[in-house]
Structure formats: C-alpha cells, structure tokens
Amino acid sequence: MRKFWLHIALSCLCLTCLAGCGNSGYDRRLVDADSLMAVSPDSARAVLRAIDADRLSRADRAYHALLSTQAAYKCFDSIPSTATIDRAVDYFSSGSDREKLTRSLLYKGAVLSELNRKTEAMEFYKQAEEVASPTDY
C-alpha cells in the first residue's frame with residue numbers, strides 16, 4: 001500500500017514537473033526519458049540504457065542517475081545499493097534544482113527501504129518533505 005501512495009505522489013510530482021518544463025538545459029534524451037517515465041518506465045529505461053553516461057556533463061550524469069534509479073524502481077528491478085542514486089543526491093544537494101533534489105531524496109529513501117534500512121529511509125523521506133515546495137503536493 002505504501003508503494004502505491006509513493007507511486008501516486010511521484011507521478012503527481014512528475015506531471016507537475018512536465019507541465020513546467022521548458023528549456024531545462026539538460027540533454028534532450030534525458031528530458032524525453034523523464035517524460036516517458038510516468039506512462040512507460042520500461043521505455044524510459046531503454047532510452048537511458050542507450051545513453052553513454054560517461055560522455056554526459058556532470059549535471060546530466062546526475063540526472064541520468066536519478067532517472068535510472070527511478071526506472072529500475074518503477075520496473076520492479078532489484079537495486080543492490082544506493083551508489084547510483086547517491087550521485088544524484090550529491091549533485092542536486094549543491095544546486096538550485098529543488099524538484100530533482102526532492103525526487104532524488106525520495107528515491108534514495110525508496111532504495112534504502114527496499115534494502116531493509118527503514119530508519120535511514122525515513123530520514124531521506126523527511127528530507128524530501130522539507131525540500132519540497134508546498135505547490136508540489
């Protein structure tokens with residue numbers, strides 16, 4: 001049941017982000033994968049796998065890490081560690097993109113929860129709540 005509400009909250013957050021998207025400055029393929037995420041996470045995952053993350057800018061690598069974790073989670077793949085989402089959390093924590101920081105914190109909490117690290121997961125959910133704009137609810 002918790003996963004259901006997390007999916008609903010994240011879908012609403014994604015739709016809000018998509019409505020406000022303009023020229024974000026991110027690699028267009030990443031923006032396309034993000035727009036596919038809500039309706040077809042497996043297609044988004046295919047787009048992400050076709051991208052060589054080593055050739056991306058630092059910002060795009062962080063966005064790629066966020067989207068890769070999100071796609072794996074939505075496709076019910078096993079996520080063995082927090083290494084990928086940590087890249088996104090670290091990058092977006094130092095920037096001004098609150099929406100992507102909020103998503104990164106939510107997915108880090110989700111990954112930690114799947115790894116049975118429930119207390120740590122709750123800490124990241126709380127951080128996400130603190131960072132999120134009230135209009136994102």
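Modeller: What follows is a discussion of a predicted model, taken term by term.

Colleague: What makes up the secondary structure of the protein chain?

Modeller: The protein chain has seven helices and zero strands, and its pattern along the sequence is α-α-α-α-α-α-α. Buried residues account for 46% of its 137 residues. Among contacts between residues at least 6 apart in sequence, 59% join residues at least 24 apart. The accessible surface is about 7600 Å², and carbon and sulfur atoms hold 53% of that area.

Colleague: Which residues touch the most other members of the largest nonpolar core?

Modeller: They are L30, L48, Y63, L66, L67 and F92, in a core of 34 residues. Two or more residues come from each of α2 (28-37), α3 (41-49), α4, α5, α6 and α7. Helix α4 gives the most, with nine residues.

Colleague: Why is Y63 called buried?

Modeller: Its relative accessibility is 3%. Buried means under 20%, so Y63 counts as buried. Leaving out residues up to four places away in sequence, Y63 touches Y26, L30, V31, D34, F92 and K100.

Colleague: Why is the aromatic pair of Y26 and Y63 called tilted?

Modeller: The search of the whole structure finds three aromatic pairs, and this is one of them. The centres are 4.6 Å apart, with 50° between the planes. Rings pair if their centres lie within 6.5 Å; planes under 30 degrees apart count as stacked and over 60 as edge-to-face.

Colleague: Where in the chain do the two partners lie?

Modeller: Y26 is in the loop between α1 (2-19) and α2, whereas Y63 is in helix α4; the pair links distant parts of the chain, 37 residues apart. Y26 has a relative accessible area of 17%, which is under the 20% limit, so Y26 is also buried.

Colleague: What makes the aromatic pair of Y91 and F92 edge-to-face?

Modeller: The angle between the planes is 80°, at 5.2 Å centre to centre. Since the angle is over 60 degrees, the pair is edge-to-face.

Colleague: How do you know that the charged end of K100 sits over the ring of Y63?

Modeller: The charged end of K100 is 4.6 Å from the centre of that ring. The distance limit is 6 Å, and the charge must also be within 35 degrees of the ring normal. K100 is listed as sitting over the ring of Y63.

Colleague: Why does K108 count as buried?

Modeller: K108 has 12% relative accessibility, and the limit is 20%, so K108 is buried. K108 is found in helix α6 (residues 98-114). Apart from neighbours within four places in sequence, K108 is in contact with T82, I85, D86, V89 and F124.

Colleague: Why are F76 and N116 called exposed?

Modeller: F76 has 64% relative accessibility and N116 has a relative accessible area of 62%. Exposed means over 50%, so F76 and N116 are exposed. F76 lies in the loop between α4 (58-74) and α5 (83-93), and N116 in the loop between α6 and α7 (118-131).

Colleague: What is noted about phi in F76 and N116?

Modeller: F76 has a positive phi of about 60° although it is not a glycine. N116, likewise not a glycine, has a positive phi near 60°.

Note on methods
Residues are numbered from 1 along each chain as its sequence is written. This is a predicted model: local features need pLDDT of at least 70, side-chain atom pairs count only at pLDDT 80 or more; totals for chains, interfaces and linings use all residues. Side-chain values use heavy atoms; hydrogens and water are left out. Helices (H or I, at least four residues) and strands (E, at least two) are DSSP runs, numbered from the N terminus. Buried means under 20% relative accessible area, exposed over 50%, partly exposed in between (1.4 Å probe, protein chains only). Contact means heavy atoms within 4.5 Å. Accessible areas come from the Shrake-Rupley method with a 1.4 Å probe; for residues, only the protein chains shown count as cover. A nonpolar core is a set of buried Ala, Val, Leu, Ile, Met, Phe, Trp, Tyr and Cys residues joined through side-chain atoms within 4.5 Å. Rings of Phe, Tyr and Trp (its six-membered ring) pair if their centres lie within 6.5 Å; planes under 30 degrees apart count as stacked, over 60 as edge-to-face and the rest as tilted.
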